[in-house]
Amino acid sequence: MTAAVGAGTVWEGLVGQRHAIEALRAAAGGHGMSHAWLFTGPPGSGRSNAAVAFAAALQCERSGAEKGCGTCHACHTVLAGSHADVKRVSTEGLSLGVEFIRDLVRSAALSPAGRGWQVIVVEDADRLTERAVNALLKAIEEPAARTVWMLCAPTVEDVLPTIASRCRMVTLSTPSAADVAAFLARTEGVPDALASYAANASQGHIGRARALARDEATRNRRRDVVSIPASLTSLGRCMDAAKRLAEVTKEEADVVTGELDAREKVDLDAAYGVVERGRRPREYAPALALLLKDQKSRAKRRQLDVVDRALMDLVSVYRDAIALATGAAGELVNGEIRADVEQVVATASPELNLRRIGWIFEAREQMLEFNVPVPLALESMMVALMAPDGSVR
C-alpha cells in the first residue's frame with residue numbers, strides 16, 4: 001500500500017491491498033454491506049488485519065470518507081482488542097471445536113452493547129471442525145440483526161462451499177517486495193538495505209519481514225535454513241540436516257510456548273487458590289488436565305508453523321535456482337547467498353529443481369495433513385533433495 005492510501009488510518013497496516021481497502025471503505029460507508037465476509041489470501045498478506053481494520057471502520061465515530069479514521073475512541077479500542085462489540089477469535093491449537101463455536105453463536109445472537117454493529121472475527125476459519133462448521137452455518141444463514149461475521153482463511157477452498165456461498169469475498173494478494181520494504185522503513189525506521197533484505201526474504205509475509213528486520217537471531221536461523229540445499233552432498237549430511245532442522249524448529253517453538261505455558265499455569269493456580277503444598281479443590285484437577293491438553297496441542301501447532309516457514313525458505317532457494325538457470329527477470333529472493341544458488345544450478349536441471357519443490361510440498365502435506373512425525377518427514381525429504389552424485393561442493 002502506498003502512503004497515500006489509508007496512511008494514518010485503520011488501513012495503514014494493509015500493505016499492497018489497495019483494491020481490498022477500497023471495497024471495505026465503501027462497505028463501511030454503507031455501499032455493499034453484508035452480514036458475512038470471507039477474507040482470503042496467502043500467509044502474511046494480512047487477512048485478520050484486514051478484518052480487524054474493517055471492524056474498526058464499522059465502529060468508527062466519524063462518517064463518510066473519514067470512516068476508519070484510526071484516531072477516535074472506537075477505532076482505538078477495536079485495534080487494541082478492547083471494544084465491547086468486537087470479538088476476535090483465533091486458536092493456538094490444531095482446531096476450533098463445536099462447543100466453542102456454539103458459545104460464540106449464542107453470544108452473537110445478543111444485541112450489541114453500543115449503537116453500531118456487533119462484529120465477530122474468526123481468524124482461523126480453516127481450522128473449524130466439521131461439527132463447528134455446521135453450528136456456524138446456521139448462524140450465518142439466519143443472522144442476528146446488526147451482527148457481522150468475518151471469517152479468515154488462506155483460500156476459499158479451505159472453507160465449505162455452504163459457508164463461502166453466504167459470504168462476501170475479500171481476496172488479498174501477496175504484497176510486492178518494494179511495498180513491504182517501504183512499509184518497514186516508514187513504520188519501523190528500518191534502514192533501506194535491511195528493509196530490502198527482509199522484504200525479499202519474507203516473500204511478502206509482513207509479520208516475517210518485521211521479525212527479520214528486527215531480530216538478528218531470526219536472520220541467522222533463516223540463513224542456516226537456506227544454506228541447506230548446497231550442503232546435501234551425502235546421505236549422512238542429509239540426515240544431519242533433517243535432525244538439525246527438527247531440533248532448531250522445536251527449540252524456537254518451545255521458547256514461545258514455554259513462557260506462555262508457565263504464565264497460564266500460574267494464572268490457573270491463582271484462579272483456584274492453589275498454593276505450594278496446599279489443598280487443591282476437586283475442580284482443579286480436570287481444569288489442569290484440560291490446560292495441559294490445550295498446551296500440548298498449541299506446542300505441536302507452533303512447531304508445525306515454524307517448520308512450515310522453514311520449508312518455504314527452502315522452496316525459495318530452488319525457485320531462485322530455476323530463475324537463475326532460465327534467465328528469468330527479477331531479483332533473487334536469496335541474493336545474499338547467490339554463490340550457493342549457483343552451485344545448485346550447476347548440479348541440477350530446472351526440471352529437477354522443480355521436482356524438488358514438489359517433494360518439499362509433499363513433506364509439508366505429510367506433516368500438516370497426515371500427522372507424520374516431523375523428524376521422519378524431514379529425513380525423507382532431505383534424502384530426496386540430495387545433490388546428484390554428491391556433486392555440490
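Visitor: How far apart are the closest N and O atoms in the salt bridge of Glu 12 with Arg 186?

Guide: Side chains of opposite charge can pair when their charged atoms come close. A salt bridge here is a side-chain nitrogen of Lys or Arg within 4 Å of a carboxyl oxygen of Asp or Glu. For Glu 12 and Arg 186, the closest N and O atoms are 3.9 Å apart. Glu 12 sits in the segment before helix H1 (18-28) and Arg 186 in helix H7 (residues 177-188), so the pair ties together parts that are 174 residues apart in sequence. Helices (H or I, at least four residues) and strands (E, at least two) are DSSP runs, numbered from the N terminus.

One word on the source: this is a predicted model, in which local features need pLDDT of at least 70 and side-chain atom pairs count only at pLDDT 80 or more, while totals for chains, interfaces and linings use all residues. Residues are numbered from 1 along each chain as its sequence is written, and side-chain values use heavy atoms, with hydrogens and water left out.

Visitor: Thanks! How many salt bridges are there by this rule?

Guide: The count comes to 22 salt bridges. Another of them joins Glu 141 and Arg 166, at 3.0 Å from N to O. Glu 141 belongs to helix H5 (residues 130-141), and Arg 166 to the loop between helix H6 (161-164) and strand S5 (168-171), 25 residues apart.

Visitor: Are Asp 313 and Arg 208 buried or exposed?

Guide: Buried means under 20% relative accessible area, exposed over 50%, and partly exposed in between (1.4 Å probe, protein chains only). Both Asp 313 and Arg 208 are buried. Their side chains meet in a salt bridge of 3.3 Å, N to O. Asp 313 lies in helix H12 and Arg 208 in helix H9 (residues 206-214), so this pair ties together parts 105 residues apart in sequence. Salt bridges that share partners also join Arg 208, Arg 222, Asp 313 and Glu 336 into one network. By contrast, Glu 12 is partly exposed at 25% relative accessibility, and Arg 186 is partly exposed at 34%.

Visitor: Now to helix packing. At what angle do the axes of helix H12 and helix H15 cross?

Guide: Axes are lines fitted to C-alpha atoms, for helices over the stretch in contact, and angles run from 0 to 180 degrees between N-to-C directions. The axes of H12 (residues 284-326) and H15 (residues 374-385) come within 12 Å and cross at roughly 5 degrees. Angles under 35 degrees count as roughly parallel, over 145 as roughly antiparallel, 65 to 115 as roughly perpendicular and the rest as oblique. H12 and H15 are therefore roughly parallel to each other.

Visitor: Which residues is Leu 311 in contact with, leaving aside its neighbours within four places in sequence?

Guide: Leu 311 is in contact with Ile 360, Arg 364, Met 367, Leu 378 and Met 381. At 0% relative accessibility, Leu 311 counts as buried.

Visitor: And where is Gly 41?

Guide: Gly 41 lies in the loop between strand S1 (36-40) and helix H2 (47-59), and with 4% relative accessibility this residue is buried. The C-alpha atoms of Gly 41 and Val 156 are separated by 8.9 Å, although the two residues are 115 apart along the chain.

Conventions: Contact = heavy atoms within 4.5 Å.
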